[in-house]
Amino acid sequence: MVTGHITGDLRTGGERPLPRTEPELFGRDRVIQRMLDAATAPSGPAIHLVRGGIGAGRTALLGVVAERLRAAGLPVHAVACRPGDHLLAHLLAHRLITALSGPGGAAGAGAGAGGPAAVGGATGAGGTGGAVPEDRPLDDALRSHTEPRGSGEAVSVLLARTLRTRTPAVVLVDDVQFADPETTELLYALAPRLVSSPVRLILGVSPLGPVRSSSQRAGEEALLALADGVSIGAVDLPPLTVEEVARLLTHRLRAVPEQTLVEEAHWLTGGNPGALVAALHAGSRAIRTLIGHAHLVAGAPVPVLPDDDRFVRALRGLGDTAWRVAKALSVLEPLGERTAGLVAAATGLPEHTVLRALHRLTEPGLVAGPGRGAGWTFRIPLVAVAAADRLGPYERRAVSATAVHALWETADRGPSATSAPVAPADGMASTHRGAVVVPRDAASVRRTYLANRVVEAGTFVDRGRATAELLAAARESDAAEVPEASRWLESAAGLTDDPALLASTLARYAATADSTGNGPGAADAAAALLERHARAMDPGTRLELAVVELAARAASGDPSALCGPAALHRTRATGAGADSESEVLGVVALCLLGLWSEALNLIARSRAHSHPHPVARLFVMMCETAARLMTGDAAPFRRTLRHPVDGIPAPHLMLELTVLQCDFLLGMGELAEARALVARRGLTIGHLPIRNVMLTHYLAGSWDEAMASARSLMANSPATARMPASVLAHARTSTMLLARGWPSRARTVLDTARAVTNSMTYLLDAEQAAVHRLMGEDSRAEKALRRGLAEASEHGYAFGTEPLWAALAAMEAERGRPDRAATCLSRLERTAAASGGDSARLLALLTRVRVLRLCPDLRALLPDPDRSVREALSLARASGRPFETACTLLAVASPGIATGPRSEARLREAYDLFGELDALLWRYRTRTALRDAGLPVPDRRTVTEENERLLATLVAEGLSNRQLAAALGVSEGSVASRLTRLFHRTGLRSRVELATSMLTASYP
């Protein structure tokens, strides 16, 4: 790294160290190599330009080039130009001569008449010929004197002589846009004569800054000439590609970024590396790292660059008029060819003044001029957001009203209108302090843009038309627009004179909001509507909106917030039925809190079940059915699956019922039944909330998709969002992580869920015990299982206890306690029979098989093993669940249960299924079972690779050698030997390096 002056004398003024750089400049390898080749080539241009705008990484790239050239043994000199250098003629030429002629320079110390003294004489005051005093930097001396007439020719001759020295050297000059025009013109003139020179000049240049005098313009023209000269090489630093942005994010975040984050970061920054780094600093709260992956938080605000950011400084430095125009442009840029005129209308500035300001914005590369039907646009959307964020309240209303009137005018003219604003480009950011919006098509982009402008215009536009526009946008919104839709509805609630219309729109919207986890948005919109229009609503609508608010508050992760909305609703409700409405809300709140027994008690002692409105009766029926299932009575739930539910007044309420039923079916592992139910209702799994999508992917064996959904769910929604499905989503994520060899991540997922809820945590304890078992912590595993069963018993829960009883039965059998194992098995079978599901029945059969294998004294419990094995295999294959099928095959092929060709075939089928899931730990266990049975393991190379990858994963998880030995079932000595071989093959030198390679997905 460059940490000090590359060449000698501090008095050279312009010579300075280049900054420290990243270990790797992402996306710049080709440019770096091109500069290295140019600097070391025996022939070719002596001058090379590296062109890059603000944040392109030009200075960092020059630093890397300097380091590598110095490492190759070449003399390297770093020179920098600074703002104001253009005021002194030939200043850069003097710096170049001094650098090359000074100690270590290409011309050497003995330059004679061409040395530093001669330079000083050429620039001394009044032609005195005196050298620069040693106690005074050269730049200060030059700035304090004027150049005498005729000295330019002397400098030209001296610079030419210095550059044509026979000693190889490389001079790196950064920020040449600030250089004096005399030197740049001189370099252009000298370039053809320097082809044979061993000296190479690499000049870094950026678009000129805001202060441009006539001499700077002349210098810019000279630079443009440099770029066009055949004797001068030039290369531009291109924007980063999506793949390069992903690499940079991985390096910065020390985690693998999800594709949504990568695409959003690439679009928001235009591939500019400086903008990307700035966005990461400004938007750190918008990114959440979970189980080794970085996620963009849904609905997170767009990062807003601070005042001291380089891009904001560049904008402000262009002057007040350009700054005012930039702020208006940030809102109006999607409106196409009319943008300049609309900016003039919004700001009150003459159009010719606006056009001059827009041209000034293009000079530093911040704005792109119009072309191909498009108007003036910011090159980097992040900069547009920064400008828009600094609009004052009046400015924002005025600019937004201009946009609204322009779009309405176009709509009124019809499709044949000329000079109409075009629809905003796909991927345009919302320019208010809200979420980044990337809708899927031009129509939804235009709808979103118009609705946002209506909200911000406020009273500056027609109230009636604004309300209609907001309601229409909300009705047509989809999952990608949910964060915006809540804002539209909240604004419409303050404008509308028709609360019934708004309420029906909000009810439909709420179903979409739930599916995307945008609880706070739904709660705010519902609260605003109830606050203003509760008295004008019918009881069903009022109750539905109150339930929306309750559900959204629960999803926010603050269970205590459920009490407030329920109490507030009691004061809003008026007339007959007010008390029963509050009772219905109490039932809903208790269920959302996971207090199922209390909900049943409230239903029993209240009139909620006999409410006169069908909406209220539907909510009570849903809650009662779910509560009875949780406490061990599955019959009502099964009846609602088999028979149509009458009296559902709206399609979105049928969707809510379907979501609730799928929550429980997928939680019980009944994949086939959930799919059949959804099909009967005319839906697909994709219509359901992400928690249902995640559980479906998990059960169906699409584990990569399930993990992506799980990370998104956990990044945007707490485990309290919907009991019990959200807790179970965490549990199943833990199962996948453990199966793939990530026990610490599995434990983190469980701890995350446990930290935000004190209800139904028993659903996590079977997975918690599995993590302990892998680490060889059997006593802690047993404690976790008994803790979970005790919690379930205390609250009267039966749902989800089957895995706890199964694991405890196996542990008791393994410890040689047949009576206790039999007791656990009996409890498991009773619970499984009461649930009425095939998944629970399969678990009970497999537990019998495992208990018999571990404790032969219990053979009386399984009088016909073959029949049980056949039934288990039949249930497993019919379930459509690869992981459970593979576990079943492995269990029934174990010694003591089955032998012979049939056992081998089952082991190999299980091995293949685990491979499809990338379940490294279970593949390892199945290989062990194959070896124990004396059977060969196929594909030795794959076996070696998987064993090493599993070992590397466990090491990255922080397991000690003792824990590694327990997890792999080998001795600690064997672990040490395996680690030695792994380090030797990969070239990694420590556990830290190995963990880093796994963390950043760079494991060799």
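Start by selecting T269 and A265: a polar atom of the T269 side chain sits 2.7 Å from the backbone oxygen of A265. That is a polar contact, meaning a pair of N or O atoms within 3.5 Å; within protein, one must be able to donate a hydrogen and the other to accept it, and residues adjacent in sequence count only if both atoms are side-chain atoms.

Before going on: this is a predicted model, where local features need pLDDT of at least 70, side-chain atom pairs count only at pLDDT 80 or more, and totals for chains, interfaces and linings use all residues. Residues are numbered from 1 along each chain as its sequence is written, and side-chain values use heavy atoms, with hydrogens and water left out.

Stay on T269, which belongs to helix α10 (residues 259-269); helices are DSSP runs of H or I, at least four residues, numbered from the N terminus. T269 counts as buried because its relative accessibility is 1% (buried is under 20% relative accessible area, 1.4 Å probe, protein chains only). Now show A275, L276, A279 and I380: leaving aside neighbours within four places in sequence, T269 is in contact with them (heavy atoms within 4.5 Å).

Next, select α14 (residues 339-347) and α17 (residues 393-413). L342, A345 and A346 in α14 meet A398, V399, T402 and A406 in α17.

Finally, jump to α45 (residues 961-968), where Q963, L964, A965, A967 and L968 are buried.

How values were computed: Helices (H or I, at least four residues) and strands (E, at least two) are DSSP runs, numbered from the N terminus. Buried means under 20% relative accessible area, exposed over 50%, partly exposed in between (1.4 Å probe, protein chains only).
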